[in-house]
Amino acid sequence: MKFLKLYTLPLLAAALCGCDEGRIADVVIETARDGMAAHVRVSTEGAESWSKDYTIAVAGFADGNEYALISKNAQIGADGLCDVVLTGIPVEASTVEVCAIDRLRRRVASFASVQCNPSADTIRLEDIAVDLHMSGAIQREIFNTTCTQCHGGSGFAAAGLNLTAGQSMTQLIGVESTKQPGMLRVAPGASDASVLYRILSTTESAAWSYDHSVEVVAQERLELIKNWIDDLQ
């Protein structure tokens, strides 16, 4: 009982003092938010077309940096719905994206993006349909930006190869090369035997009066083409 009295008296004194001096001020506890948060809820199709070398993710990126500052695997339901909450996004992030990343968390394709707003409670990317097909990513990220100027984009298709959307896959996969008869432009399951990959990854086409190896110089883009071909059935 003596133990109890020793602690009761100081507490009582503090309470009386508080009464004399007026209402005791409320204690406000502030918890700092560690970075931004984003809610991504989109309908998708084509996630299954990606090989084990890649992950479909929701990730935050800084301007000029292909490596994700933070990422979370996109959990996609049987109905194709992707519903992800990503927290702890660093303030350096400029965008949050639905994307494909490699094992180094390097972005190889972006499918949907929203600008970061540090003043918002939650960054939102919602209610849109997103095509995740690997072939579509190659079309957008490589063919459209690099190849179509000579292969169909201006109405002329060099070597009879049209790489515009809606034409490229049917003119590549299983089709014999006009430049290298006996070889396929894209041989399903065999990138090393595919003219497309060989001319982009080596100087083999220099003898054609144009060296195609200068076109796709980013290693992740070459690996994307290689893995796509090797996974084709």
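By the distance criterion applied to this predicted model, the count of disulfides comes to zero. A disulfide would require a pair of cysteine sulfur atoms within 2.5 Å. For C150, the closest cysteine sulfur belongs to C147 and lies 8.9 Å away, which is too far for a bond. C150 is partly exposed, its relative accessible area being 46%. Another cysteine, C82, is buried, with a relative accessible area of 1%.

**Overall composition**

The chain contains five helices and seven strands. Read from the N terminus, its elements follow the order α-β-β-β-β-β-β-β-α-α-α-α. The chain has 233 residues, of which 40% count as buried. Among the contacts in the chain with a separation of 6 or more, 57% are accounted for by residues 24 or more positions apart.

**The open sheet**

Three strands, in the order β4-β1-β7, make up an open sheet with mixed pairing. The edges are taken by β4 (81-89) and β7 (123-131); each has a single partner strand, so one side of each is left without a neighbour in the sheet. From one strand to the next, the twist averages 20°.

Strands of a sheet pair through backbone hydrogen bonds, in either the parallel or the antiparallel sense. In this sheet, β1 (residues 36-45) pairs with β7 in the parallel sense, over seven bridges. T44 stands opposite V130 in β7.

**Aromatic pairs**

A pair of aromatic rings is described by two quantities, the distance of the centres and the angle of the planes. The structure holds two such pairs, and both sets of values are tabulated below.

| Pair | Centre to centre | Angle between planes | Geometry |
|---|---|---|---|
| W50 and Y54 | 5.3 Å | 75° | edge-to-face |
| W50 and F111 | 6.2 Å | 85° | edge-to-face |

The plane angle of 75° between W50 and Y54 is over the 60 degrees that marks the edge-to-face class, so the pair is assigned to that class. W50 and F111, with 85° between their planes, also form an edge-to-face pair. Through these ring pairs, W50, Y54 and F111 are linked into a cluster.

**A charge over a ring**

A further contact with an aromatic ring involves a charged side chain. The charged end of R107 sits over the ring of F61, at 4.1 Å from the ring centre.

**The surroundings of S168**

Which residues does S168 touch, not counting those up to four places away in sequence? The contacts of S168 on this basis are Q139, F143, N162 and L163. S168 is placed in helix α3 (residues 168-172), and this serine is buried, with a relative accessible area of 2%.

Conventions:
Residues are numbered from 1 along each chain as its sequence is written. This is a predicted model: local features need pLDDT of at least 70, side-chain atom pairs count only at pLDDT 80 or more; totals for chains, interfaces and linings use all residues. Side-chain values use heavy atoms; hydrogens and water are left out. Two strands pair if DSSP finds at least two bridges between them. Helices (H or I, at least four residues) and strands (E, at least two) are DSSP runs, numbered from the N terminus. Axes are lines fitted to C-alpha atoms, for helices over the stretch in contact, and angles run from 0 to 180 degrees between N-to-C directions. Buried means under 20% relative accessible area, exposed over 50%, partly exposed in between (1.4 Å probe, protein chains only). Rings of Phe, Tyr and Trp (its six-membered ring) pair if their centres lie within 6.5 Å; planes under 30 degrees apart count as stacked, over 60 as edge-to-face and the rest as tilted. A charge sits over a ring if NZ of Lys or CZ of Arg is within 6 Å of the ring centre and within 35 degrees of the ring normal. Contact means heavy atoms within 4.5 Å.
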